[in-house]
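Here is a short tour of one protein model. Keep the sequence and the structure in view as you read.

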Amino acid sequence: MTADIIEISRLALHDQVAARLRTMLVEGHIAPGAKLNERELCLQLRVSRTPLREAIKLLGAEGLVDLLPNRGAVAVKLTEADVLNTFEVLAMLEGMSGELAAKRITDEELAELRALHYEMMACFARRDLSGYYRLNARIHTAINEAAGNPVLASTYRSINARVQSLRFRTNQNEVKWKHAVEEHEQMIDALAARDAAAMRKVLVAHLMRKRDTVLELMRAGEIYPQAHNKAS
């Protein structure tokens, strides 16, 4: 029994460290392209190297960090071509998820999505970008789950992970943030109406707007100030 408790505690710590690192990466507290300094992170997170390294491996599998031979872990940094290619695939996955979710969502799942939406709107009213983004991510995950296709959901999560930090930055402009909120309201309406075509349309448009904003910020040097990446 004691061994079981120790194992559960160890795994729980690893998950907690991964969650904190994930937030730091998404919100830009660890700069894109920066090496993850294990010694500094151990001090900052008050953990030993073992759970930290386990967490870094998990984030590597998720695509938030690149694990490089002889260099350790580096926060993912994408080129314009990476962004174009990633969002192209995400648009197809989002559209399919929305279409299937509109057909398959249960009343209970819809009620939970509405609740998450209201919580997200409260964050928007307070201009709490961090809280807003966490709920926003939960909503997109819930839509994927409502589609009822675990392969689709898993594929979406793995690809979306690499652009999470870029998506976080797209709502730092007031006008664009307000427009994103309006699109989320359209998503709830489409799901409630079980309108698969409308749900696909709004999700694809939502993602393409994110892509265009990311590219605009990259070209203006507001995401990667040192970078001048051009799409091929």
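Leaving aside its neighbours within four places in sequence, which residues is Ser 165 in contact with? They are Leu 25 and Val 26. Contact here means heavy atoms within 4.5 Å.

## About the model

This is a predicted model: local features need pLDDT of at least 70, side-chain atom pairs count only at pLDDT 80 or more, and totals for chains, interfaces and linings use all residues. Residues are numbered from 1 along each chain as its sequence is written, and side-chain values use heavy atoms, with hydrogens and water left out.

## Ser 165

Ser 165 sits in helix 8, residues 164-169. Helices are DSSP runs (H or I, at least four residues), numbered from the N terminus. Ser 165 counts as buried because its relative accessibility is 7%. The cut-offs are these: buried is under 20% relative accessible area, exposed is over 50%, and partly exposed is in between (1.4 Å probe, protein chains only).

## Two cores

A nonpolar core is a set of buried Ala, Val, Leu, Ile, Met, Phe, Trp, Tyr and Cys residues joined through side-chain atoms within 4.5 Å. The largest one has 49 residues. Leu 21, Leu 52, Ile 143, Leu 191 and Met 199 have the most contacts inside it. Helix 6 gives the largest share of this core, 8 residues.

A second, separate core has 21 residues, including Phe 87 and Leu 166.

## Aromatic pairs

The structure holds 3 aromatic pairs. Rings of Phe, Tyr and Trp (its six-membered ring) pair if their centres lie within 6.5 Å; planes under 30 degrees apart are stacked, over 60 edge-to-face, and the rest tilted. Phe 124 and Trp 177 form an edge-to-face pair, 5.3 Å centre to centre with 75° between the planes. Phe 124 is in helix 5 and Trp 177 in helix 9, 53 residues apart. Both are buried.

Tyr 133 and Phe 168 also pair edge-to-face, at 5.4 Å and 85°. Phe 168 is buried, because its relative accessibility is 6%.

## Arg 127

Arg 127 lies in the loop between helix 5 (107-126) and helix 6 (129-146). Its charged end sits over the ring of Phe 124, 4.2 Å from the centre. Arg 127 also lies over the face of Trp 177, at 5.8 Å from the ring centre. For such a placement, NZ of Lys or CZ of Arg must be within 6 Å of the ring centre and within 35 degrees of the ring normal.

Arg 127 has a positive phi of about 60°, although it is not a glycine. Most residues other than glycine have a negative phi.

Key: Helices (H or I, at least four residues) and strands (E, at least two) are DSSP runs, numbered from the N terminus.
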